[in-house]
Number of protein chains: 2
Amino acid sequence: MKKLQEKWLPGLLLLAAAIILLWSGPLAADEGMWTLDNMPLKQLKEKYGFEPTPAWLEHIRLASVRVGDGGSGSFVSPNGLVLTNHHVALGQLQKVSSAQKNYVADGFYAATSADELPCPDLELNVLISMENVTAKVLAAVKKGMDPVKALEAKKAAIAEIERLSLKKTGLRSDVVSLYQGGEYWLYRYKKYTEVKLVFAPEQQAAFYGGDPDNFTYPRHDLDMALFRAYEKGKPVQVAHYLKWSAQGAADGELVFIPGHPGSTNRLMTLAQLRFQREFAYPLRLKVMKRMLEVIKKYGARGPEEMRQAAGMIFGIENGLKASSGEYDGMMAPGFMKKKAAAEAEFRKLINENPQWQAEYADAWKQIAGAIEKLKPRQKEFSFRRVPGQRLGGIALQIVQLVAELQKPDGKRLDGYHTSQLDSLRFRLFSPAPIYPGMEEVMIVDTLKQMIEELGGNDPYVKACLDGRTPEEAAKALLAGTKLADPAVRKALVDGGDKAVAASTDSFIVLARKLDPMVREMRKWQEDEIESVTRPAGEKIGQARFAAYGKNAYPDATFTLRVSYGTVKGYPMNGTLAPSKTTFYGLFDRAFSFDNKFPFNLPRRIADARERIDLATPLNFVCTGDIIGGNSGSPVVNAAGEVVGLVFDGNIESFVGRFFYDDTANRTVSVHSAAIIEAMKKIYGAEKLAQEILGQK
Amino acid sequence: MKKLQEKWLPGLLLLAAAIILLWSGPLAADEGMWTLDNMPLKQLKEKYGFEPTPAWLEHIRLASVRVGDGGSGSFVSPNGLVLTNHHVALGQLQKVSSAQKNYVADGFYAATSADELPCPDLELNVLISMENVTAKVLAAVKKGMDPVKALEAKKAAIAEIERLSLKKTGLRSDVVSLYQGGEYWLYRYKKYTEVKLVFAPEQQAAFYGGDPDNFTYPRHDLDMALFRAYEKGKPVQVAHYLKWSAQGAADGELVFIPGHPGSTNRLMTLAQLRFQREFAYPLRLKVMKRMLEVIKKYGARGPEEMRQAAGMIFGIENGLKASSGEYDGMMAPGFMKKKAAAEAEFRKLINENPQWQAEYADAWKQIAGAIEKLKPRQKEFSFRRVPGQRLGGIALQIVQLVAELQKPDGKRLDGYHTSQLDSLRFRLFSPAPIYPGMEEVMIVDTLKQMIEELGGNDPYVKACLDGRTPEEAAKALLAGTKLADPAVRKALVDGGDKAVAASTDSFIVLARKLDPMVREMRKWQEDEIESVTRPAGEKIGQARFAAYGKNAYPDATFTLRVSYGTVKGYPMNGTLAPSKTTFYGLFDRAFSFDNKFPFNLPRRIADARERIDLATPLNFVCTGDIIGGNSGSPVVNAAGEVVGLVFDGNIESFVGRFFYDDTANRTVSVHSAAIIEAMKKIYGAEKLAQEILGQK
């Protein structure tokens, strides 16, 4: 599963506001992305005869790593080695590369620790503790408070819980809303920002088959990478890391997937689903297609431009294939019928109990009403974007940051609370390169699209253009900025609101003009939409508890979950897809396509042909329930050993955003045996393989 | 493409009577199964820049071979070597096998000509000449004749043309109705009945992946076999045989497929399609599923029973998968809409021209009326079956043959005309083994099904049972017959109607009782249904000529056609299917399924692992338009060389029965390079490979 595609739409402010998620009654086999406090122990024992102990779960939790802003991973050696996907590492690989050294295309291996390569802006999180703070959060809302005040009070309470926790423990402290606000939990994370790159194969091996094979199976990808977490210049020593299974996943085996699924929409109300189908998805697809065209055109200018654009092209193609698949799923016959039936059954249960009816029944109407209210401003919310790929966002963040820091924590905009500042600064001051050519084409196209969609008289558009053509505006913005230099950004932030107010940097000037309009939109969205949909969502969440109990999992929230399932093939295209592929299959696919891109064999693999045991399993599938964000999750067996590495879902898994169905929906992983075989026989990384195998 | 599945329903008398086929207006790219007198030369020249010459077409025609009653093939050496599919040869392989020697499971190779193995009942046909006899056939119908007389007159005229041609040329002479009777052609065939088996791999190599992989792609089958045609004990010397391309089919190449497609229903009227959807297909699927269950249960008794049943299991599974796919195609959303739109457009054209309207417009109503008339007797027509797998049919054929021989040729039942008798006798007196155990289970189940469907009071059912239970009846029938001995059958036929009338053979006695009822049904079907639908079909055929001209091909009729297309992959399952597979893929599939049946590697192939060049293309796909009956067709390039061997269609091709669509509909073939690689490196058939390559 790829990174959350939302990260590739940085300029899109509020594409699909008012997403409120529910969960359903009876579960399908192997369904669920479970929080660690509420694992389906009974189902596991009944179906598989295996019941994870608290110690087993604690070990898995402490060996699991959240990687950056959209991926998962795990410790696989006592010396802080972190296994994740190549495509999760792609952003860092791109950032440490240059016109002279292309680690994306060539791969990377640090034979000694001195060779390990510092990553500019990768943060790793390990979930240290979980505390139910529902009562504390809800206590902030006093009887009779109007909805806008209530929402503010709740947000202030959350910020305060986070601030106090950070102060007390020094740990990253996030309050997460589960079950649509049915519960609030304080999650504390150990944070690593000193991370080095250790190993990555060439992208052609990691992403073999390219965009065509992406999200499909049978598959032949070595989608892996290894980082090492450091503290104060030394590799961290971790007590909890996952042992390796050299034999790896076997057909029919029970497996677990700890990881960080990003978001699911399994229990949106019908009104929300309709909004997604009719507005949000068509809009998203349109924007992504256009963005892809622009960035591909930029890449076509030359090899260096292509190198710069490669990560973004991957990201947009990936997101586009996923979103198209999800959209097709929603448009398929029977989809809405199925969803309508589930909602009707739930609401019937609620309406049959007078107390429940009084407490919860109006929530659906409230959500539907909020969506109707949102629609007229939807276009504005979608297309008032910050121009450029990175610079516009950086400028706006600086302008907002220095303003927010003037306020008490509880009054700040989300994203600028005390507990969030470390991570924000880490990203904002990242030394990762910014490419002016790429910025320029993105600025020009964003401005053009704004004009087309909102018209030249929209005040936001006017502010961006300032009487210039998009091309002129882009040139002027780029000529007048120094924000590509992280030291300049730091100086502005350190200089506070005065420095920012005095700045003549073109992007800062623009951001100052846009900031009031962005704030107005955020406030309107909070006061008019979120203040209605959030308590309505909480009501529906509580209604679920009342009607179905807590034998359920919350929708995904990019927090640690554990899924489980069986290694298992499925019916495909008139025949059976096997539970695994082999290196034979990789060679078959290459020769089947006459070794043409994107099916060409990487030279290193072709050269290793005689050394590789071609019968070694390469990729495999299981029924575990995952979604974007799970990329890089380890697949572990009942003994807690790594038997594989999650990297994708098959084409049938797209509907997993809306419901789980194990007929053909499968998680696709790299087999643990392939990882060792490749490191030893293809990449000469014998020493690293030994570290993973615990032989060192 | 597999043999016509109808052959596996020998007891089904008239499952889908009144099938009348039309053809459509504008053609899709590469569409069509063309007769050699009407090749789409203009399209070929325009799209591919290649125009087959008359000499090229004549050579292809004379090198093409019709194999048995459902397959295709070609001469591939001057010494009468005929290449076809293993699954076309399967019936003969089964018949020459015994409990001691299982050529189906083990394969066969005759290293010298003395080792070549005589086939009991395989007839090969080569199309020597084609003559348009439409005027002669239609002249038999005089103005004012009633429909029943008109049909009789036409049939008599056809029989007479065939008889005279046979007498004059000694060649098998068949009048074939094309374009639904829009044209009648006399096809003369050179016939070979002295045929020997030369080579066949083990079924596990030929039918690798078994029923799951059947009708799918990517695929890895060595579905090939070689026969040799003899005359008077010597291999025939043929002037026209196909040269071999060792390099074989290449991606994007133009290819031709000469062969014998069995039947298509592309232009049934809507009324006929509805009948198929609502009656014929559900019934067929039900019958086949039941038959499969019965024969599998028999095979499960032991290895010898499984050996006996293997061919029939293959045949039914094959037919069931095809029919299920076709049925799903008909039930898919949009199918009937598409068909309705085509018919509406055609009828509009006809109705807009007053002359056409007067001549043709009532044909659709007449067909619809005949179908309504058929429905009440449909069950009877479907379930009044001849009990057993082979003996019942043999007995009925003997009883009918001796009766028909008393009549002048023109008055006989179809199938008993003078021109048809040689082939009939060849099959009727075949020394192929008959297995009493298998006959018994088939008789019992046929009788049980008759009782369930028609009730015990149906006179036909009563005649079969004669007061006994199905089990008792089966035992008595088998105990009282000697028809398993071909000499006994021959003696009865030679003894004529007296010998048959005097026979106390249990099956002959039963057949004498059933014959009048079978004749009544045939006559009713001719007088009430065919006499209406046949001229109505002719009208629609002529209406097509009027409206669209003759830039079209007739529906398939198991006569020689040439299709053409491009070697080309297609979109599949979210990604691309390549145009070919390789031996690497075969090994991948085996190891992906842990070498479990039906994906286990044949021992010979596993042993040859180091010798085989695994990058050799194994199977490939092209857009050529085929259907059941094309099995064994050569795929030839523009130079007329064999580049492959057709053996299947992919799962997307099932709708090809009803319309052609080249988006994903593909013909699947064995690559010519794979055939040579396998013969040389796996089967030690170097000498035979040299004969094919012309190196001898």
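Just after helix 24 of chain A, A:Gly684 adopts a positive phi of about 60°; helices (H or I, at least four residues) and strands (E, at least two) are DSSP runs, numbered from the N terminus. The model is a predicted one, in which local features need pLDDT of at least 70 and side-chain atom pairs count only at pLDDT 80 or more, while totals for chains, interfaces and linings use all residues. Residues are numbered from 1 along each chain as its sequence is written, and chains are lettered from A and ligands numbered from 1 in the order in which they are written.

Helix 24 itself spans residues 672–682 of chain A and is mostly covered, with ten of its eleven residues buried. A residue is buried if 20 or more other C-beta atoms lie within 10 Å of its own, exposed if 12 or fewer, and partly exposed in between, the C-beta atoms being placed from the backbone. The buried residues of helix 24 of chain A include A:Ile675, A:Ile676, A:Met679 and A:Ile682, and also A:Glu677 and A:Lys681. Their packing partners in chain A are helix 23 (603–607), strand 17 (617–622), strand 19 (642–649), strand 20 (667–671) and helix 25 (686–693). Contact between two residues here requires that their C-beta atoms, placed from the backbone, lie within 7 Å.

Helix 22 of chain A is likewise mostly covered, ten of its ten residues being buried. Among them are A:Phe583, A:Tyr584, A:Phe587, A:Asp588, A:Arg589 and A:Phe591. The cover of these buried residues includes strand 16 and strand 17 of chain A, together with strand 16 (580–582) and helix 22 (583–592) of chain B. Just after helix 22 of chain A, A:Asp594 takes a positive phi of about 50°.

The contact between the chains takes 27 residues from chain A and 27 residues from chain B. On the side of chain A that touches chain B, helix 8 (210–213), strand 15 (575–577), strand 16 (580–582) and helix 22 (583–592) of chain A each supply at least two residues. The largest share of that side, six residues, comes from helix 22 of chain A. By residue class, the side of chain A that touches chain B divides into 13 nonpolar, nine polar and five charged, where Ala, Val, Leu, Ile, Met, Phe, Trp, Tyr, Cys and Pro count as nonpolar, Asp, Glu, Lys and Arg as charged, and the others, Gly among them, as polar. Of the interface residues of chain A, 100% are also interface residues in chain B, so the copies meet through the same surface.

Chain A is superposed on chain B by a rotation of 180° with 0.1 Å of shift along its axis (RMSD 0.0 Å). The two copies are thus related as by a two-fold rotation axis. The superposition is by least squares on the C-alpha atoms of residues with pLDDT of at least 70 in both.

The model scores ipTM 0.92 and pTM 0.93. For chain A the mean pLDDT (the predictor's confidence in each residue, from 0 to 100) is 94, and 96% of its residues reach 70 or more. Over residues 1–26 of chain A, pLDDT stays under 50, and the model has 99 contacts beyond four places in sequence for this segment.

Chain A is divided into domain 1 (31–123 + 193–266 + 555–693) and domain 2 (352–370 + 378–548), with bounds that come from an automatic or database domain assignment. The centres of the two domains of chain A, taken over C-alpha atoms, are separated by 33 Å. Five residues of domain 1 of chain A are in contact with seven residues of domain 2 of chain A. The domain 1 side of this contact divides into one nonpolar, one polar and three charged residues.

Some local backbone features lie in loops. A:Phe558, in the loop between helix 21 (506–548) and strand 13 of chain A, has a positive phi of about 55° although it is not a glycine. A:Phe558 is buried, with 20 other C-beta atoms within 10 Å. In chain B, a cis peptide bond with omega about 0° joins B:Tyr217 and B:Pro218, and B:Pro218 lies in the loop between helix 8 (210–213) and strand 10 (225–231). Another cis peptide bond, with omega about 0°, joins B:Phe597 and B:Pro598.
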